[in-house]
Amino acid sequence: MGGTVHQRSVVRVGASLIVASLALTACGSRSDDNGGGGSGEATKTAKIGVIAPLSGDLSALGLGIQHSVELAVKQANDSNAIPGWKLEVAAKDDEAKPDVGKNAATALSSDKDVIGVVGTLNTSVSQQVQPVLAPKNIVQVSPANTGPGLTQGANWQKDPKRPYPTYFRTCTTDAVQGPFAARYLYETAKITKVATIHDKKAYGQGLVGTFTEEFKKLGGQVVAAETINPDDANFQAVVSAVKPSAPQAVYYGGEYPQAGPLSQQMKAAGLNVPLMGGDGIFDPKYVQLAGKTAPGDLATSVGAPVDSLASAKKFVEDYNAEKFAEPYAAYGGYSYDAANAIINALKTSLKDANDVESARAATVEALGKVSFDGVTGKVAFDQYGDTTSKVLTVYKVDAGKWATVETKDFETK
């Protein structure tokens, strides 16, 4: 996942959106020559929405999601994947805030041409987006939501029930990611005493919950369990609370804007142990923020590293060829697969449809049956809308960047 993450202003983001939409309009006209001189009336339009943080702290991840969807849509138009239809991307910024995400979903759901949505990045944002898209039968495929409750309900551990038939995801969940990290620390790194800290958001809290349960089950000890506020920048209080319990590692539930400074402040205060987190910290920005004491810090992320997969080689080449202003980042491959899952479903649902709205229910049904070889591996969904793939990777900060430690298929014990 190399490549520097550029600082961007909102202006840049606006510019890249305009460029992207120009690119999309342009490719419709040169995709094939049998359109009778390109008469616009013959082609109907369907839009795939994107809801992700396109500005703010997490924009590095959000823009990677957006551009990967743009790539999938451009390729579908170029190959005339759905005869008689042209696809467009409608990207909305959720700023990583649930209420902003809800407004974005409301705007997309009231557009009669929107057939599906790729997003969101944050579990807490999806909790607000799901109930808006579901009544309109608009499919949502997330490349990054890892909260188990989104597909299996609040009581997912004891009595899983699917809350929204319209919701799917291409990444694996914290029901797998938390325990995967616990097994790595206990079995591979031989660490028996851990402190946990989370940011009180749905993602961080869920991750720490599933990690803690597995770590204790393996025989490990959680010597301290603390929280921070997501808008904190000074972590002295939590470091002071954790340090006396002498943990061999700190497991953090949350995202890189807080995790990086927390790691730096821990070490400055003499708590010289690795910080480990989930996919929310797996970004080059974390390494910058954590500073020179970052080496040895750990993260898990969903799937195998994209640049190591033969299946992803073409995606990486195609993405780079488009000269997007930002890298595909941690969720590019999953976003491309999410967009292609929707496009695959549309081949069935739009084939004989007169308009988008009447094809939405059929799209939901077709998406549940999708099965293809994607960038991140096999793309298929179980009865809850969860991906059938359970592959994860452990990464370690080494020489200023994230290096792969091990990739494994998680097996239920």
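The entries below go from the whole chain to its sheets and then to its helices.

**Ground rules.** I am working with a predicted model, in which local features need pLDDT of at least 70 and side-chain atom pairs count only at pLDDT 80 or more, while totals for chains, interfaces and linings use all residues. Residues are numbered from 1 along each chain as its sequence is written, and side-chain values use heavy atoms, with hydrogens and water left out.

**Whole chain.** I looked up the secondary structure and found 13 helices and 14 strands. Helices (H or I, at least four residues) and strands (E, at least two) are DSSP runs, numbered from the N terminus. Of the 413 residues in the chain, 55% are buried. Buried means under 20% relative accessible area, exposed means over 50%, and partly exposed lies in between, with a 1.4 Å probe and protein chains only. I also looked up contacts, meaning heavy atoms within 4.5 Å. Among those in the chain with a separation of 6 or more, 74% are between residues 24 or more positions apart.

**The five-strand sheet.** I noted for background that strands of a sheet pair through backbone hydrogen bonds, either parallel or antiparallel. Here two strands pair if DSSP finds at least two bridges between them. In what order do the five strands of the open sheet stand? The order is S2-S1-S3-S4-S5, with parallel pairing. Strand S2 (85-93) and strand S5 (167-169) are at the edges with a single partner strand each, so one side of each has no neighbour in the sheet. The twist from one strand to the next averages 25°. Angles run from 0 to 180 degrees between N-to-C directions, and axes are lines fitted to C-alpha atoms, for helices over the stretch in contact.

Strand S1 (residues 44-52) and S2 are parallel and share nine bridges. Val 50 is opposite Ala 91 in S2.

**The seven-strand sheet.** A second open sheet runs S7-S6-S8-S9-S10-S13-S14, and its pairing is mixed. Strand S7 (221-227) and S14 are the edge strands, and each pairs on one side only. Neighbouring strands of this sheet are turned by 25° against each other on average, direction ignored.

I followed S13 to its partners. Strand S10 (residues 298-302) and strand S13 (residues 391-398) run antiparallel and are joined by five bridges. Thr 300 is opposite Val 394 in S13. S13 also pairs with strand S14 (residues 401-409), in the antiparallel sense, over eight bridges. Tyr 395 has Thr 404 in S14 as its bridge partner, and Lys 396 is opposite Ala 403 in S14. The hairpin of S13 and S14 has two residues between the strands, and Ala 399 takes a positive phi near 50° there.

**Helices on the sheets.** Which strands does H2 lie across? H2 lies across S1, S2 and strand S3 (114-119), at about 175° to S2. H4 lies across S1, S3, strand S4 (139-142) and S5, at about 155° to S4. On the other sheet's strands, helix H9 (residues 256-268) lies across strand S6 (193-198), strand S8 (249-253) and strand S9 (275-277), at about 165° to S9.

I looked at H4 again for burial. Eight of the 11 residues of helix H4 (residues 123-133) are buried, so H4 is largely enclosed by the rest of the structure. Among the buried ones are Thr 123, Val 125, Val 129 and Leu 133.

**Helix against helix.** Two packed helices are described by the angle between their axes and the distance between the axes. Helix H6 (residues 174-188) and helix H7 (residues 202-218) pack at about 45°, with axes 7 Å apart. This angle makes H6 oblique to H7; angles under 35 degrees count as roughly parallel, over 145 as roughly antiparallel, 65 to 115 as roughly perpendicular and the rest as oblique. The residues of the contact of H6 with H7 divide into 11 nonpolar, three polar and four charged. Ala, Val, Leu, Ile, Met, Phe, Trp, Tyr, Cys and Pro count as nonpolar, Asp, Glu, Lys and Arg as charged, and the others, Gly among them, as polar.

The axes of helix H2 (residues 59-78) and helix H12 (residues 332-349) come within 8 Å and cross at roughly 40°. H2 is therefore oblique to H12. The contact of H2 with H12 has nine nonpolar, six polar and no charged residues.
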